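Biologist: Please show me the model, and then we can go through it by question and answer.

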Amino acid sequence: GAVVSQHPSRVICKSGTSVKIECRSLDFQATTMFWYRQFPKQSLMLMATSNEGSKATYEQGVEKDKFLINHASLTLSTLTVTSAHPEDSSFYICSATRQGLIAGNEQFFGPGTRLTVL
Amino acid sequence: GENVEQHPSTLSVQEGDSAVIKCTYSDSASNYFPWYKQELGKRPQLIIDIRSNVGEKKDQRIAVTLNKTAKHFSLHITETQPEDSAVYFCAAPNIIQGAQKLVFGQGTRLTINP
């Protein structure tokens, strides 16, 4: 159990367009989902924390109007990169924590989405 | 908030030798310390974790030790194999308003030389 999927796995878009990335927990209900960005040879940097039915909490320095997060259900969160620019090119990874897990901190990661903005 | 420091940034060992990666954290209230392995272009995968009520945990060739007083924890890999080559990340929780975020270390690129 505890499988997280992401779609698409890879996307190439033109500068100025918007891209939506989906993150799904396939076999469990996710209390919270997290969105990370990872540049080459760097660590995972948390962008925002998403709870079902409420507004996402963004990390300092992350533009909420540029990275729109919607967490419509306990199994789906989406990240939309609006008006993408080449500097937004990165590896975007989501993770989820499992509802009801006692003292749960474990995060289950999706396979990531490689975004390339031309 | 939590701050996690990880060392070394790169580590190269001969196949069969042991590898040790260390992390320090700042928040004494942190209670969960996972280690993730990430291969190139893939998702981070949890390989072992430890909670603050124990000092050591072992799973076959992998072990993690925790020193709460000194606020550091370490990953130990014994009898290393080529497939252990990857980037390893430690993490510690940062509890803000009930949401438990993970703060990741900078990562260690481990290379196992045959």
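**Interface and sheet**

Modeller: Six residue pairs are in polar contact across the interface of chain A and chain B, both residues at pLDDT 80 or more. A polar contact is a pair of N or O atoms within 3.5 Å; within protein, one must be able to donate a hydrogen and the other to accept it, and residues adjacent in sequence count only if both atoms are side-chain atoms. This is a predicted model, where local features need pLDDT of at least 70, side-chain atom pairs count only at pLDDT 80 or more, and totals for chains, interfaces and linings use all residues. Residues are numbered from 1 along each chain as its sequence is written, chains are lettered from A and ligands numbered from 1 in the order in which they are written, and side-chain values use heavy atoms, leaving out hydrogens and water.

Biologist: Which strand of chain A gives the most to the side that touches chain B?

Modeller: Strands are DSSP runs (E, at least two residues), numbered from the N terminus. E4 (30-38), E5 (45-51) and E9 (90-98) of chain A each supply at least two residues to that side. With three residues, the one that gives the most is E4(A).

Biologist: Which side chains meet in a salt bridge?

Modeller: The rule asks for a side-chain nitrogen of Lys or Arg within 4 Å of a carboxyl oxygen of Asp or Glu. It finds one such bridge across the interface of chain A and chain B. At 2.7 Å, N to O, the partners are A:Glu59 and B:Lys101.

Biologist: Which strands stand at the edges of the open sheet of four strands in chain A?

Modeller: Strands pair if DSSP finds at least two bridges between them. The order is E1-E3-E8-E7, with antiparallel pairing. Each edge strand has a single partner, so one side of each lacks a neighbour in the sheet: these are E1 (4-7) and E7 (67-73) of chain A.
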